[in-house]
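The sequence and the model are shown first.

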Amino acid sequence: MRLDGRRQSNNVEDRRGRSGRGLKLAGGGIGGIIIAALLVWMTGGNPLSVITGSSSGLFTEEQTGDYTPTQQEEEYALFAKTILAGTEDVWTEEFKKLGKTYVPPKLVLFTGSVQSACGGATSQTGPFYCSGDQTVYIDLSFFEQMNRQMDIPGDFACAYVIAHEVGHHVQYLLGDLTEAHEQMARMSQSKANEMSVRLELQADFYAGIWAYHDNRMFNSLEEGDIEEGLNAASKIGDDYLQKQAQGYAVPETFNHGRSDQRVKWLKRGASTGDIKLGDTFSPAYSSL
């Protein structure tokens with residue numbers, strides 16, 4: 001990607017170097033843990049990280065002394081701030097077209113574990129968005145894992161991850177995220193999983209929308225960038241990940257979408273730039 005000379009967002013909170021420790025919930029007990037886990041699950045995270053992350057499932061954060069990030073980590077931090085700024089510019093413009101005002105999410109950088117309004121989470125959760133505080137959370141080591149462990153190289157692949165989480169914030173501002181979560185609370189597990197897939201595929205679409213308009217505004221895309229994003233989408237599909245982990249896929253447990261679906265919706269957004277084409281809720285589930 002061509003990012004030289006681009007501005008960086010100042011809507012970033014750096015919590016790197018803090019560690020999480022267990023915090024007992026006053027009057028909460030296991031019920032509080034379950035609620036926190038559900039909140040993390042509903043915002044795209046791994047609920048097990050809440051339960052296993054500490055004895056209580058939640059964290060407080062404390063400074064553990066001087067923290068010195070590596071040069072690579074600092075480069076990732078600068079990159080994340082630049083991509084976040086790009087999402088701010090794109091979505092501000094897109095919301096104006098809709099007659100709405102875009103309120104950007106905050107980005108929190110952390111290491112190890114973090115406390116959000118959706119509960120405690122560890123790095124194993126991966127990047128996630130919490131609507132409770134309208135914040136995207138990222139442990140920058142995830143980008144290195146993408147490159148070295150998941151065979152997902154490229155700067156655009158990392159940008160796609162950020163843009164996808166910001167896509168959930170767009171859903172929140174438009175009311176779709178809250179409405180979907182309210183419906184999921186009344187659904188069976190299998191139907192709730194299907195609704196989750198619809199949310200995730202739309203967030204992929206919105207990541208593509210960002211790519212299209214960021215390139216239009218800043219000429220940011222280079223040859224091969226979109227392919228990097230499509231490769232990333234294909235390798236974080238539920239079917240691909242389940243087959244890698246256990247040798248087979250269980251479709252009724254999917255909550256992010258198959259690889260081909262994620263590629264399809266990211267590509268649709270990136271090739272059209274038309275937000276009106278991103279309805280993942282009306283079509284039959286089998287046709288997504």
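## The second largest pocket

Helix α3 supplies six residues to the lining of the second largest pocket, the largest share of that lining. The model described here is predicted. Together with α3, helix α5 (155–174) is an element that gives two or more residues to the lining of this pocket.

In total, 15 residues line the second largest pocket, and its volume is about 260 Å³. Nearest the centre of the pocket lie Leu3, Glu75, Leu78, Phe79 and Thr82. Sorted by class, the lining comprises six nonpolar, four polar and five charged residues.

## Helix α3

Helix α3 covers residues 71–97, which makes 27 residues. Just after α3, Gly99 adopts a positive phi of about 75°.

## An aromatic pair within the helix

Nine aromatic pairs are present in the structure. One of them joins Trp91 and Phe95 in an edge-to-face arrangement, with 6.4 Å from centre to centre and 90° between the planes. Both Trp91 and Phe95 belong to helix α3, where they are four residues apart, about one turn of the helix. An α-helix has 3.6 residues a turn, so residues three or four places apart point the same way.

## The four-stranded sheet

Four strands make up an open sheet in the order β1-β4-β8-β7, and the pairing is mixed. At the edges are β1 (12–14) and β7 (128–130), each of which pairs on one side only. On average, neighbouring strands of this sheet are turned by 25° against each other, direction ignored.

Within the sheet, strand β4 (residues 106–110) pairs with strand β8 (residues 135–139) in the parallel sense, over five bridges. In this pairing, Lys106 stands opposite Thr135 in β8. Strands of a sheet pair through backbone hydrogen bonds, either parallel or antiparallel.

## The β5–β6 hairpin

Which sense, parallel or antiparallel, do strands β5 and β6 take? Strand β5 (residues 113–116) and strand β6 (residues 119–122) run antiparallel and are joined by four bridges. The two strands form a hairpin, with two residues between them.

Technical notes. Residues are numbered from 1 along each chain as its sequence is written. This is a predicted model: local features need pLDDT of at least 70, side-chain atom pairs count only at pLDDT 80 or more; totals for chains, interfaces and linings use all residues. Side-chain values use heavy atoms; hydrogens and water are left out. Two strands pair if DSSP finds at least two bridges between them. Axes are lines fitted to C-alpha atoms, for helices over the stretch in contact, and angles run from 0 to 180 degrees between N-to-C directions. The expected span of a helix is 1.5 Å times one less than its number of residues. On a 1 Å grid over the protein atoms alone, a cavity is a set of points where a 1.4 Å probe fits but cannot get out, and a pocket is an open set with protein on both sides within 12 Å along at least five of seven lines; lining residues have an atom within 4 Å of a point. Grid points are joined across faces, edges and corners, and a volume is the space filled by probe spheres set on the points. Ala, Val, Leu, Ile, Met, Phe, Trp, Tyr, Cys and Pro count as nonpolar, Asp, Glu, Lys and Arg as charged, and the others, Gly among them, as polar. Rings of Phe, Tyr and Trp (its six-membered ring) pair if their centres lie within 6.5 Å; planes under 30 degrees apart count as stacked, over 60 as edge-to-face and the rest as tilted.
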